[in-house]
Amino acid sequence: MELTTLQTIRKNNHLSRRELADKSGVSADTIAHLENGTTDIRQEKLQTLYDLAKALHCKVRDFFPNEKII
C-alpha cells in the first residue's frame, strides 16, 4: 500500500501518530483517518491542516504535492 503524503512527512519527522497528535493537538484518530483515506484530506478543516503542518515543520500545501494551488 502506498503511503499518503501526510504519512510520508510524518515518518520523515520520525513521529508516531500519537506523537504527532500530542504535538499538533489533532487527535490520533483524525490523523489515522487522514492517512488511511477514510477522510479525504481535501475536506479537512484548514485549522486542522495548519496545526499538522506546524507540528511537522512544513506548509499546508506540502500535503497536496500533485495539486496546483493558486
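The following legends describe close-up views of a predicted model.

Local features are reported only at pLDDT of at least 70 and side-chain atom pairs only at pLDDT 80 or more, while totals for chains, interfaces and linings use all residues. Residues are numbered from 1 along each chain as its sequence is written, and side-chain values use heavy atoms, with hydrogens and water left out.

**View 1. Helices α1 and α3 in contact.** The axes of α1 and helix α3 (residues 28–36) come within 7 Å and cross at roughly 120°. Helices are DSSP runs of H or I with at least four residues, numbered from the N terminus. Each axis is a line fitted to C-alpha atoms over the stretch in contact, and angles run from 0 to 180 degrees between N-to-C directions. The two helices α1 and α3 are therefore oblique to each other; angles under 35 degrees count as roughly parallel, over 145 as roughly antiparallel, 65 to 115 as roughly perpendicular, and the rest as oblique. Leu6, Gln7 and Arg10 of α1 meet Ile31, Leu34 and Glu35 of α3, where contact means heavy atoms within 4.5 Å. The residues of this contact comprise 3 nonpolar, 1 polar and 2 charged. In this classification Ala, Val, Leu, Ile, Met, Phe, Trp, Tyr, Cys and Pro are nonpolar, Asp, Glu, Lys and Arg are charged, and the others, Gly among them, are polar.

**View 2. Helices α2 and α4 in contact.** The axes of α2 and α4 come within 9 Å, crossing at roughly 105°. Helices α2 and α4 are therefore roughly perpendicular to each other. From α2, the contact involves Leu20, Lys23 and Ser24, and from α4 it involves Asp51, Leu52, Ala55 and Leu56. By class, the contact of α2 with α4 has 4 nonpolar, 1 polar and 2 charged residues.

**View 3. Val26 in the loop between α2 and α3.** Val26 is placed in the loop between these two helices, α2 and α3. With a relative accessibility of 8%, Val26 counts as buried; buried means under 20% relative accessible area, exposed over 50%, and partly exposed in between, using a 1.4 Å probe and protein chains only. Leaving aside neighbours within four places in sequence, Val26 is in contact with Ala21, Ile31, Thr48, Asp51 and Leu52. Val26 and Asp51 are 25 residues apart in sequence, yet their C-alpha atoms are 7.3 Å apart in space.

**View 4. Ile9 in helix α1.** Ile9 lies in helix α1 and is buried, with a relative accessible area of 13%. Not counting residues up to four places away in sequence, Ile9 touches Leu56, Cys58, Asp62 and Phe63. The C-alpha atoms of Ile9 and Ala53 are separated by 9.3 Å, although these residues stand 44 residues apart along the chain.

**View 5. Ile41 in the loop between α3 and α4.** Ile41 belongs to the loop between α3 and α4, and its relative accessible area of 15% makes it buried. Beyond residues up to four places away in sequence, Ile41 touches Leu34, Leu49, Phe63 and Phe64. From Ile41 to Leu6, 35 residues apart along the chain, the C-alpha separation is 9.1 Å.

**View 6. The largest pocket.** Rolling a probe the size of a water molecule over the atoms shows where empty space is left. About 330 Å³ of space lies in the largest pocket. On a 1 Å grid over the protein atoms alone, using a 1.4 Å probe, a pocket is an open set of points with protein on both sides within 12 Å along at least five of seven lines, and lining residues have an atom within 4 Å of a point. Grid points are joined across faces, edges and corners, and the volume is the space filled by probe spheres set on the points. The pocket is lined by 16 residues, of which Thr4, Thr5, Ile41, Arg42 and Phe63 lie nearest its centre. By class, the lining has 7 nonpolar, 5 polar and 4 charged residues.

View 7. Most residues other than glycine have a negative phi. Phi of His14 is near 55°, a positive value in a residue other than glycine. His14 lies in the loop between α1 (5–12) and α2 (17–24) and counts as exposed at 70% relative accessibility. Phi of His57 is also positive, near 55°. His57 is found in the segment after α4 (46–56), and at 65% relative accessibility His57 counts as exposed.
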